[in-house]
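Below is a short briefing on one protein model. It moves from a single residue to its sheet, then to the cores, a helix and a strand.

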Amino acid sequence: MKKGVFTIMHYLMPKAGVLSLHSSANQGEKGDVTVFFGLSGTGKTTLSADPRRHLIGDDEHCWSDTGVFNIEGGCYAKCIDLSAEKEPEIFGAVRFGSVLENVVLDEDTRQVDYNDSTLTENTRCAYPIEYIPNALIPCMSGHPKNIIMLTCDAFGVLPPVSKLSSAQAMYHFISGFTAKMAGTEDGVTAPEATFSACFGQPFLVLHPTKYATMLADKMQQHQADAWLINTGWSGGAYGKTGKRIALKYSRGIIDAIHSGELKKAKYQTYPIFDLQIPTSIPGIPDEVLNPAKAWLGSAGEYDQAVKKLAQLFKENFTKYQDQASADVLAAGPKI
């Protein structure tokens, strides 16, 4: 039902000049809004539930001429390995009135073991948005200042953060790259590279370039910055030398975006993908910011992994090149 209504919104809203978004959104104390795009397993719900910001919603929004608004009124969070230390807002939302799915609990004490994946990795909790202490009620705000596209790269070659140009934002929005994580879909037991246009391909009714063009126009009109954040692997690929990027680093990057510090940082060009990456961010090791420096395997393995992922991007984008502009086509990887 939830996704059926969302699909209808992807048809009706653009006809009215309103952009429908598979995203979460939050607002800072000064009224600045951030929109987070990302598929399941990328950290969209976790990273938007920030104790220092007001949650607008965690999955479905629209961007109109007056700002963004939520179309759900609730949240649907993953619960695997949930703890009060790592995700205090979501942990606190699990109480009377919320609904837990696929979790294992003690039949006598009724205590939930969030680390138990016996039934599935895809454990969930549905709860009203007002269960988040700092939720913004009603769930609507002004125009976004920052657009964050979350990806989970299992190859370990995408930087933890990149600042995107308008054309790059359209390219990566249309691409919608991530890795399907264990537990996010039936039968997925290890990360698999996948592309989902506009980070929500199953819900799209119109051509992806329609939504991407609307996004770019609204970004330009309201001077919003775009960022690509990889919450996946660093130091190598999944199952080899790589490790998942620490949640504290991803939070630190987003804090630097919200403070405006990252906008003023010094940048260097990351080859092949032609991405602008910061040379330093306080509290985050410099080598983590550059996948080439973080790589723990051989130089040959790194080059092969970068080119492999770049080729996957190029092959995927052939589906959209007939309706994409020249500057968007040029914004992709260069092999």
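Leaving out residues up to four places away in sequence, Y127 touches G74, C75, A77, I90, A93, S98 and I132. Contact here means heavy atoms within 4.5 Å. The model is predicted: local features need pLDDT of at least 70, side-chain atom pairs count only at pLDDT 80 or more, and totals for chains, interfaces and linings use all residues. Residues are numbered from 1 along each chain as its sequence is written, and side-chain values use heavy atoms, with hydrogens and water left out.

**Nonpolar cores**
- The largest nonpolar core has 71 residues. Y127 is among those with the most contacts inside it, together with F37, I147, M149, V157, F173 and F273.
- Helix α9 (residues 299-317) gives the most to this core, with seven residues.
- A second, separate core has 18 residues, including L47, I253, I281 and V288.
- A core is a set of buried Ala, Val, Leu, Ile, Met, Phe, Trp, Tyr and Cys residues joined through side-chain atoms within 4.5 Å.
- Buried means under 20% relative accessible area, exposed over 50%, and partly exposed in between (1.4 Å probe, protein chains only).
- In soluble globular proteins, nonpolar side chains tend to be buried together.

**The three-stranded sheet**
- Three strands form an open sheet in the order β6-β10-β7, with antiparallel pairing.
- β6 (74-78) and β7 (99-101) stand at the edges, each with a single partner strand, so one side of each has no neighbour in the sheet.
- Neighbouring strands are turned by 15° against each other on average, direction ignored. The axes are lines fitted to C-alpha atoms, and angles run from 0 to 180 degrees between N-to-C directions.
- β6 and β10 (residues 124-128) pair over five bridges. Pairing requires at least two DSSP bridges between two strands.
- G74 stands opposite P128 in β10.

**Helix α6**
- α6 (residues 247-259) has 13 residues and reaches 18 Å from its first C-alpha to its last, close to the 18 Å expected. The expected span is 1.5 Å times one less than the number of residues.
- Helices (H or I, at least four residues) and strands (E, at least two) are DSSP runs, numbered from the N terminus.
- Buried in α6 are Y249, S250, I253, I254, A256, I257 and H258.
- G260 follows α6, and its phi is positive, near 90°.

**G67 in β5**
- G67 lies in strand β5 (residues 67-70).
- G67 counts as buried because its relative accessibility is 2%.
- Not counting residues up to four places away in sequence, G67 touches C62, S141, G142 and H143.
- G67 and Y249 are 182 residues apart in sequence and 29 Å apart in space, C-alpha to C-alpha.
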